[in-house]
Amino acid sequence: MTDETRKLVEPEILQRAVVDSLVKLNPRTLMKNPVMFVVGVGSVLTTILFFKDLSSSSTDENVFAGLVALFLWFTVLFANFAEAVAEGRGKAQADTLRKTRSETVAHRRLPGGRGVEEVPSTGLDLGDECVVAAGEVIPSDGEVIEGIASVDESAITGESAPVIRESGGDRSAVTGGTRVLSDRIVVRITARAGETFIDRMIALVEGSERKKTPNEIALNILLAGLTIIFLLATVTLQPFAIYAHAEQSVVVLVALLVCLIPTTIGGLLSAIGIAGMDRLVRRNVLAMSGRAVEAAGDCATLLLDKTGTITFGNRQADAFIPVDGVSEADLADAAQLSSLADETPEGRSIVVLAKDRYGLRERELVGAELIAFTAQTRMSGVDIQGRAVRKGAADSVRRWVEEQGGTISAELGRAVDSISAQGGTPLVVAESSVPGGPSLRPPRALGVIYLKDIVKPGIAERFADLRRMGIRTVMITGDNPRTAAVIAKEAGVDDFLAEATPEDKMELIKAEQRGGHLVAMTGDGTNDAPALAQADVGVAMNTGTQAAKEAGNMVDLDSDPTKLIDIVEIGKQLLITRGSLTTFSIANDVAKYFAIIPAMFAGFASVSVLNDLNVMDLQSPRSAILSAVIFNALIIVMLIPLALRGVKFVPTGAAQLLRRNLLIYGAGGVVAPFIGIKLIDVVLTALGVR
Amino acid sequence: MTLAGWGQFLALVLLLALTAPPLGRYIAHVYEGAPSRLDRVFGPVERWVYRICRIDPEREQRWNVYALSLLAFSVVGVLLLYVMQRVQGSLGFNPTDMANVTPALSFNTAVSFVTNTNWQSYAGETTLSHFSQMVGLTVQNFVSAAVGMAVMVALIRGLARAGKRTLGNFWVDLVRTCLRILLPIAFVFAIVLIATGVIQNLHGFTDVHTVAGATQKIPGGPVASQESIKLLGTNGGGFFNVNSAHPFENPTKLSDFLEIYSIALIPFALAFTFGRMVKDKRQGYAVVAVMAVLWFGAAVTLQYLETGGNSALNGRGVTQAVTATSPGGNLEGKDLRNGAAASALWGSTTTGTSNGSVNSMHDSFTASGGLVAMVNMKLGEMSPGGVGVGLNGLLVMAILAVFIAGLMVGRTPEYLGKKIQAADVKLVAIYILVMPLIVLGFTAGSVFVGSVKHTSIFNPGAHGFSELLYAFTSAGNNNGSAFAGLTANTAWLNSTLGIAMLFGRFFLIIPTLALAGSLVRKQRVPPSAGTFPTHTPLFVVLVIGVILVVGALTFLPALALGPIVEQLKILH
């Protein structure tokens with residue numbers, strides 16, 4: 001948060017925002033915001049009246065009219081400024097991205113293998129194949145069709161560690177503007193010039209294609225409705241006042257109107273929306289539409305892939321369970337021996353566990369023959385000094401032992417079953433003499449390694465938060481139901497879908513949606529694409545395929561599936577900020593009435609008793625009205641940080657959230673202006689306003 | 001407030017608490033078309049009506065057809081009532097020899113009764129024949145109330161159904177409301193009223209010689225039959241000019257109590273109907289709570305103010321305390337039989353519903369008392385509201401509250417599982433805009449009209465302004481009560497008030513039905529821990545807050561120049 005606040009006051013952004021807030025005075029821009037348009041018209045009107053009456057009115061009257069006009073202009077400018085500051089960061093980022101997009105030269109392959117030609121990257125067509133060598137910039141979005149390379153994607157992700165891109169599979173998509181660091185790849189272009197990922201990203205962060213979101217439109221309608229009601233109340237007040245022999249000046253009526261219409265939320269509404277999108281961008285998530293961000297706040301069901309989201313990508317060794325009288329240390333020794341050559345994460349974890357628990361150090365394998373894992377044997381191991389050690393799936397190892405003439409005890413079977421029942425993966429370790437060698441050791445099983453899915457720390461707490469917010473989490477996994485159930489329990493998800501196929505996933509989404517729930521999910525593979533498109537919020541991983549990225553409505557540049565939870569919170573925070581400031585804005589009006597109504601009528605004998613309502617004891621009618629107008633303008637500036645940062649989000653149930661926010665922004669909204677207006681009145685009086 | 005005042009009020013609350021819930025259940029039963037033992041009685045009549053009117057009861061209507069049916073029915077009602085008054089002299093049942101009514105007044109009265117307003121620019125006993133009263137006004141008392149309830153049931157169906165297009169059949173809802181709800185209750189209640197002494201005959205004037213030796217004309221008429229539905233249907237149009245302050249309409253303490261009860265009965269019952277029909281009784285309780293808090297607030301405040309008397313009279317040798325011969329309090333314009341407390345209880349109940357009948361003259365309330373009555377109407381009459389239309393207004397405000405504050409829980413706002421989106425907000429905005437537009441617009445347009453300034457307004461200064469403001473508030477909200485100092489039987493006020501009543505009725509009904517049409521199509525979002533709860537005390541407070549803030553912000557400037565300045569002047 002402090003980091004974000006510091007960024008808010010970056011001088012360049014502020015300078016640019018000041019200029020922009022003047023540019024935004026263009027009536028056509030103002031027209032888009034009915035509330036601020038009314039204030040704009042009021043500013044023009046009071047300014048004209050100020051100059052018209054300059055010679056005929058008293059000094060006090062002139063100072064009053066001038067200050068009202070000035071602060072009405074400030075009200076509009078402050079609202080423009082809020083929007084401009086919100087846009088500022090995006091614009092700065094867009095400038096950086098534009099530099100990346102600067103023209104590069106592409107090496108387009110000529111048909112029939114007749115070499116390559118040099119063309120500007122903007123001249124590329126869909127389906128063109130380009131050769132990109134180490135050190136070159138990938139000319140446009142595409143798919144690797146030949147080769148493998150490490151690519152520096154920091155231009156878009158900000159992540160400096162290079163990533164591997166290779167033809168085929170789910171790691172084939174490359175983005176224009178990123179740089180190949182090593183090797184050479186051939187890329188088939190999949191985006192037209194001007195429609196590349198970077199182009200879209202520029203448009204998004206800059207907000208040039210920003211459309212009002214559904215909820216924002218609805219809120220705007222309500223604000224327009226309230227503005228009309230207050231316009232009506234103000235316009236009809238003049239005949240009533242004349243009837244009561246207390247005719248009002250137009251400046252005072254305009255001041256009343258501007259104070260009553262919801263300028264606070266009207267002025268900050270678009271800034272809140274832009275800032276919400278920006279918060280996502282800061283977390284390296286690109287939302288293709290504001291609609292998706294709002295939908296994220298509404299999600300009732302999150303589909304989360306087990307691997308990578310709930311658990312670390314790989315299983316890890318958790319325990320050694322010896323059988324048939326073998327000591328645990330011997331089992332650990334054999335397990336480590338069999339894994340020394342195993343470079344898979346599971347293998348590494350066995351070596352590490354043996355070292356941590358039994359002090360068994362890694363050793364050099366002298367004269368050893370490594371037996372690699374194959375799909376046929378489903379075992380790996382080592383033959384060393386006449387001893388053969390194998391580890392692998394229970395049935396494979398059992399067969400191996402029996403082939404060597406050994407037998408398998410019931411105890412092993414029980415150990416294997418017990419691990420499976422706990423959701424773990426059992427790896428059986430066995431030994432024998434090397435076939436054909438001296439029979440040093442009888443063929444036998446030594447025990448079982450317990451491989452376990454490790455649930456990410458802290459994830460269970462986040463799911464508990466989600467549950468409090470009324471969001472269901474469903475774990476998606478290819479594991480069998482028994483294993484899935486154990487992980488689901490440990491992670492604290494509400495439900496799980498085991499042995500899931502893409503079709504199952506799709507059906508689950510549709511079923512949830514039929515029940516009226518909005519569904520969010522993450523995905524990266526091509527076979528995730530239909531589900532990503534079907535989900536209300538589909539977050540594609542940037543490492544994923546082009547198809548997945550196009551199907552989803554958000555892309556996570558960090559490819560961190562856990563971020564889905566952040567996205568939901570940002571969506572909620574966006575709506576909460578809007579609601580809180582709307583409530584605050586409307587609640588403010590109570591105090592403004594108590595400032596303005598007595599002041600309007602205090603000077604007329606027929607109705608001067610209304611001054612009894614001057615509960616704030618404001619000094620004079622003019623200072624009272626001015627104080628209300630100034631408060632109305634300043635509150636916009638004071639709330640800009642809140643609008644940009646968003647209202648603090650606490651993951652709790654709706655009832656508590658409502659109680660908390662109603663107290664702060666509803667009750668607070670009633671009380672705050674009484675204090676603010678009184679303080680401004682004191683200052684104005686000290687400055688000599690009468 | 002006096003002890004008797006509290007006693008009466010608490011007895012009323014108790015009686016309502018005992019009877020409104022079962023009545024609400026029965027009404028829900030009627031609208032859900034559930035089979036009932038009463039079908040043996042009502043079924044044949046209903047089928048006969050459907051056959052004669054060629055209504056297919058199975059055929060449901062979308063909101064626009066529902067609205068068109070309702071409008072057509074109302075237009076025909078206005079025309080019939082207009083013509084009837086214009087030719088009443090030759091229609092019979094006219095023992096008092098009433099002449100045909102003038103065009104402007106006929107228009108005003110026809111509109112007034114069709115819109116359930118029952119604003120009366122005339123005095124019943126000196127203007128209308130028994131035929132016009134019975135066949136014209138009393139019939140409209142039934143059907144205009146039924147129309148309001150039909151709109152309400154359409155809105156409830158909009159919330160209760162999901163993914164549908166139709167809201168029911170207007171004609172069926174109209175017939176069933178009249179036949180199964182209003183007629184039986186009104187029949188029983190008329191008998192009860194007769195038992196308390198309300199008259200029911202077809203006599204004309206009877207000349208009697210008074211003790212003092214003078215001759216007095218005593219009117220007769222079918223009063224009890226009209227009185228009962230006038231109160232139950234929140235119509236409010238009295239048989240006699242002084243309405244329920246007349247001893248033939250409201251003869252005893254008991255009749256007074258029962259009549260206040262009958263004003264509030266159906267409006268409260270409908271909140272329970274709502275809870276049952278949306279299959280969540282707690283939602284109904286929340287609505288009842290909003291109604292009750294607003295009603296308690298208004299009733300207690302008004303009774304406090306009126307029993308407290310007029311502060312301008314303090315220290316001037318006038319006793320306003322309770323004595324053996326005086327009920328105490330501000331007694332100007334009040335019947336001594338009722339006293340200040342019962343008059344204030346009636347006043348707050350009649351303005352909190354769209355009833356508008358009176359048992360005392362609101363024009364003579366204390367300035368703050370008049371303010372309470374006016375505020376009660378300006379809040380849109382939701383405490384507990386007119387039959388049907390009051391609940392509509394309250395549900396619209398609940399949706400508004402959900403929309404404003406519902407965002408604060410971080411979800412697209414939803415009410416009863418229905419997402420509140422731009423189209424709905426537009427209709428809600430129109431709904432809350434219409435009434436202030438009518439009230440403020442017509443009042444502002446009238447203050448400089450010659451006939452208003454010189455003929456209609458009775459009192460000078462702030463009170464005169466209050467009279468005019470009250471009139472348009474009453475017309476725009478279809479209430480019908482008046483600050484009777486205002487002479488409303490002029491061409492200008494008869495027409496503008498007539499238009500105000502029409503706008504105030506149909507420009508609220510049409511957006512309500514459109515809203516129902518929009519809601520009924522939506523799928524329901526199942527509730528979760530993340531759903532904005534709309535049955536909690538917090539929500540009740542929120543809805544009340546929104547009703548008060550929206551109402552106060554809209555009308556405070558106008559009220560400041562009327563009753564508020566008047567009261568402050570008295571205090572000075």
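How many bridges join strand 11 of chain A to strand 18 of chain A, and do they run parallel or antiparallel? The first view below takes up this pair. This is a predicted model, in which local features need pLDDT of at least 70, side-chain atom pairs count only at pLDDT 80 or more, and totals for chains, interfaces and linings use all residues. Residues are numbered from 1 along each chain as its sequence is written, chains are lettered from A and ligands numbered from 1 in the order in which they are written, and side-chain values use heavy atoms, with hydrogens and water left out.

**View 1. A mixed sheet of 7 strands in chain A.** Strand 11 (residues 301–305) and strand 18 (residues 472–476) of chain A run parallel and are joined by 5 bridges; here two strands pair if DSSP finds at least two bridges between them. Look for Leu302(A), which stands opposite Thr473(A) in strand 18. The open sheet has the order 10-22-21-20-11-18-19. Strand 10 (285–287) and strand 19 (495–497) of chain A each have a single partner strand, so one side of each is left without a neighbour in the sheet. On average, neighbouring strands are turned by 20° against each other, direction ignored. Helices (H or I, at least four residues) and strands (E, at least two) are DSSP runs, numbered from the N terminus.

**View 2. Helix 22 of chain A packs on this sheet.** The helix touches strands 10, 11, 20 (519–523), 21 (537–541) and 22 (554–556) of chain A, contact meaning heavy atoms within 4.5 Å. Its direction makes about 160° with that of strand 11; axes are lines fitted to C-alpha atoms, for helices over the stretch in contact, and angles run from 0 to 180 degrees between N-to-C directions.

**View 3. An open antiparallel sheet of 3 strands in chain A.** The strand order is 6-5-8, with strand 6 (163–166) and strand 8 (179–182) at the edges. Strand 5 (residues 148–152) is joined to strand 8 by 3 bridges, and Ser150(A) stands opposite Ser182(A). Neighbouring strands are turned by 50° against each other on average, direction ignored.

**View 4. Chain A meets chain B.** The contact takes 58 residues from chain A and 57 residues from chain B. Together they bury about 5000 Å², 80% of it on carbon and sulfur atoms; buried area is the accessible area (1.4 Å probe) that two parts lose on being put together, summed over both. In chain A, Phe240(A), Tyr243(A) and Leu658(A) lose the most area to chain B, together 16% of what that side buries. Across the interface there is 1 salt bridge, a side-chain nitrogen of Lys or Arg within 4 Å of a carboxyl oxygen of Asp or Glu. Asp298(A) forms a salt bridge with Lys419(B), their closest N and O atoms being 3.9 Å apart. Helix 8 (214–243) is among the elements on the chain A side, and gives the most, with 19 residues.

**View 5. A salt bridge within chain A links Glu146(A) and Arg109(A).** The closest N and O atoms are 3.0 Å apart. Glu146(A) sits in strand 4 (residues 142–146) and Arg109(A) in strand 1 (residues 105–109), 37 residues apart.

**View 6. Two backbone details in loops.** Most residues other than glycine have a negative phi, and most peptide bonds are trans. Asp324(A), between strand 12 (311–322) and helix 13 (328–339) of chain A, has a positive phi near 55°. A cis peptide bond, with omega about 0°, joins Ser383(B) and Pro384(B). Pro384(B) lies in the loop between helix 12 (367–378) and helix 13 (389–406) of chain B.
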